[in-house]
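Please look at the sequence and the structure shown below, and keep both in view while reading the report that follows.

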Amino acid sequence: MAFTLNVNGKTHTVDVPGEMPLLWVLRDKIDLKGSKFGCGVGSCGACTVHLDGKVTRSCVTPVSSAVGRKVATIESIGDSKLGQAIQKAWLDADAPQCGYCQAGQIMAATALLTSTPKPTDKDIDTAMVNACRCGTYGRIREAIKMAAGMPTADTREV
Amino acid sequence: MAHDMIPNTAKARKIDASRRGFLKISAAAGGGLLLSMTVACATPGDTTGAVTKLGATKPAAPLQKLNIYVSLASDGTIRIMGKNPEIGQGIKTMLPMLVAEEMDADWSKVQIEQADFDPAFGAQFAGGSLATPMNWEPLRQVGGATRLVLLQAAAQKWGVPVSELSTGPSVVKHAASNRTVSYGDLAEIAAMLPEPDKTALAAVKLKDPKDYRIIGKSVKQWDSPKIVRGVPIFGIDVTVPGMKYAHYVKCPVFGGKVKSANLDAAKAMPGVTDAFIVRQSGDDIMGLLDGVAVVGDDWWSCKEAAKKLNVVWDEGAGASYSTASFDSQAADFAKGAPQSNLHKKGDPDAAMASAAQKLEASYSYPFLTHAPLEPQNCTAHVKADGTVEIWAPTQNPGSGLGLVTGALGVDKSKVTIHLIRCGGGFGRRLSNDYMVEAAAISKQAGNIPVKLLWTREDDVQHDPYRPGGYHNFKAGLDKQGNLSVLTNHFVSFGRNGKTLSSANLTPTEFPAEYIPNARNDQSLIDANLPTGPMRAPGSNAICFAYQSFLDEVALAAGKDPLDFRLELLANPSSAGPARGNRPTFSPERMTAVLKSVAERSGFASRGSLPKGTGMGIAFYYSHSGHFAHVAKVKVEQSGKLTVQKVWVVGDVGSQIINPTNAVNQCEGAVIDGVSQLYQKITFDKGRTQQSNFFDMPILRMTDAPQVDIHFHITDNAPTGLGEPALPPVLPAVCNAIYAATGKRIRNLPLTAADLRWA
């Protein structure tokens, strides 16, 4: 079945089953491989994209439900000033280890800073639920605050 | 080995074409030239050019190859090959730093490219925290020898002796005539000079560490600019022309065989081009096992079609395995005489009989799965001409090569393995089952290139698991409260008296050599399960058991847990077990890190903490690293646990090569250790009961403690950091839980523990 999608501002038409997850349409049909497969059940967040600006697990989102909505992936995140600031902060904090989760983390962070430009540590904990198997959470927390132009100290109770 | 890294080969060089684009030329093992197509962006071997900021840059001029590691362009670009697999440990960035330092390179002109698997590079694997100790000297020698060639090139250009020349960042200087020439301007001459031979390599005079400009400075990971833009650089991202996708269904019981499958039903599904049974090859339980492959135009369609296969399995002997049975066998073993003795010192029985105070406790921990975030995958093309090309996210290509040549019956000279960035390793990708599966499927599908991808469920249920284990401790204290005897009956897993992979205990496990009487015994539960190394194998869980029980002993002796450990370390009766040429356990180094971590964490003033908040301490020596940790936890009356902070002090020698990455590795080890407290793998009817992150949780941001890392610098050769910071995390946290609640954690995972207090 043919579906017309708006991905990163471009129109793509794909002929796939309607229940095919958006992740696999992006990766295997449109050749946008930045969104990653980690669990297939919407848990780890490696596949995170924005649907009309909202954080969405593309591995459990049928392609049919993305029709008529704006899909944004990591490949377009540098198109905005905020996205650029986040990418730069990620590099300045030297956040990645293996790097596999980081596209999803950056998508989650961009959505967070769009809605909450100056997040508290609690805001970060609530919004940043993606898994990082390498354990780079401290640096992700720091990078978000750097991108927000905030002091980077961890304010959680010790 | 180290000195074979730059072969002294012919003078004439070809322009290295790989940077230019699409043809990759490398010396095949057989001696001829191997031409293979690679597609820009498809093979993430950096063929698209290095990225320095958020944009791509390419050298303006062709690269001249000076040796297998270093190529140089007339514009000054220096390309250095990263020889080892990158799994997130930062080795792709770190090893080239060693070369660049000694060749006196301007780091801003360096570009890094991942090497293929090639015997010319010597050992290429990611394991055992060995990259630093194995490469620290040889790769600096490579850099020094490259510098020497550039000096010779300048000497030739100016007609002056080498002895009058010196170097600065990417330039050669002749002080007498006040002349300077850039490395780039020497590229053509240098490329025509002979490479240094073994003698020249060994004779290279290395820099005084005080003159380092690159080593010891924080260098960010080379691939990070690509990572933050979503550039396809992982194994799962590999695409080659004509490629199909594959899903592989294996028996949920390890080693089960396919009796039948409805191949036609799967083939009839949209997007599917083929389906077939693949037969086991060899008897390696982490090798090629029986299964059914579904091949098609996209991966998801293959995975969905596999639901129609209705595979009937011959489950075999493994179907009887269950965790309940293992636990009950372990309990029975604990009551009886051990099967074997691993180590005995003094007269443990007499010491126990005469002890003023005795205590005993049993500890256990479950099997664990590695779960790197990128599920196992591999792209393989077994070509009709008999050659094989593989793009593998692997930690250990050598063992994968062995599996592939064994299963396909091809000579290793016919196989090319490209090392692709791994989305995590943790030891999982030391096993290459997925590599041989991809190769077998490519061949059977009609010699077409195939990308095999596992589901998360495949990954959780077909892992070389970290083995579970059971420790039955007894200890005796003399009248002065000194530990006079410690014994352990370790119940592990194995066959025919041999432990399964990574199911072993170091016979002289601490404190055996630091007390007058000790014994470690062993019994093995018979099981043929897939097990293997997981980050700090042979240490990660053993440390939990020993360092927790030692805390119990300290308490019984009425001693401070830090003082008790320091007293033990002050009485070594013999040196630790030798491990090749690498540093062995040093009580002096351990004493220093213990004291340091206690000071940094304020361990001495923990008495003022309110009930429900506590600090715990632990240390461990593994993979040549001496580490001591303090954890601070808060346990609410409801039992809710928060690991608030973990302080880490490590001694890995004289030089932290890349500080930002070193700290990152240790921070990750802490998170990994805390995560392990909540995880388990259990078996029933031979099947792994967990399947995905819902029942095999990975710690998330909100539960990640704050971490303080400090390196205690000593005059020892630098050693690795992938592993040794992990083991003390678990007992430090569990000892802190005891301090907070009075509840001793003897069995993992923590989820079974009731931490409520009143």
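In which sense do strand β30 (residues 641-651) of chain B and β33(B) pair, and over how many bridges? The two strands pair in the parallel sense, over 6 bridges, where pairing requires that DSSP finds at least two bridges between two strands, and where strands (E, at least two residues) and helices (H or I, at least four residues) are DSSP runs numbered from the N terminus. This is a predicted model, in which local features need pLDDT of at least 70 and side-chain atom pairs count only at pLDDT 80 or more, whereas totals for chains, interfaces and linings use all residues. Residues are numbered from 1 along each chain as its sequence is written, while chains are lettered from A and ligands numbered from 1 in the order in which they are written.

The strands of chain B form an open sheet of 4 strands in the order β28-β29-β30-β33, with mixed pairing. Because β28 and β33 (706-711) of chain B stand at the edges with a single partner strand each, one side of each is left without a neighbour in the sheet.

Strand β28(B) and strand β29 (residues 625-635) of chain B run antiparallel and are joined by 10 bridges. In their hairpin, which has 2 residues between the strands, H623(B) takes a positive phi near 50°.

Two bridge partners are listed here.

| Residue | Opposite residue | Strand of the opposite residue |
|---|---|---|
| S622(B) | G625(B) | β29(B) |

Finally, 10 of the 10 residues of strand β28 (residues 613-622) of chain B are buried (20 or more other C-beta atoms, placed from the backbone, lie within 10 Å of the residue's own), so the strand is largely enclosed by the rest of the structure.

Conventions. A residue is buried if 20 or more other C-beta atoms lie within 10 Å of its own, exposed if 12 or fewer, and partly exposed in between; C-beta atoms are placed from the backbone.
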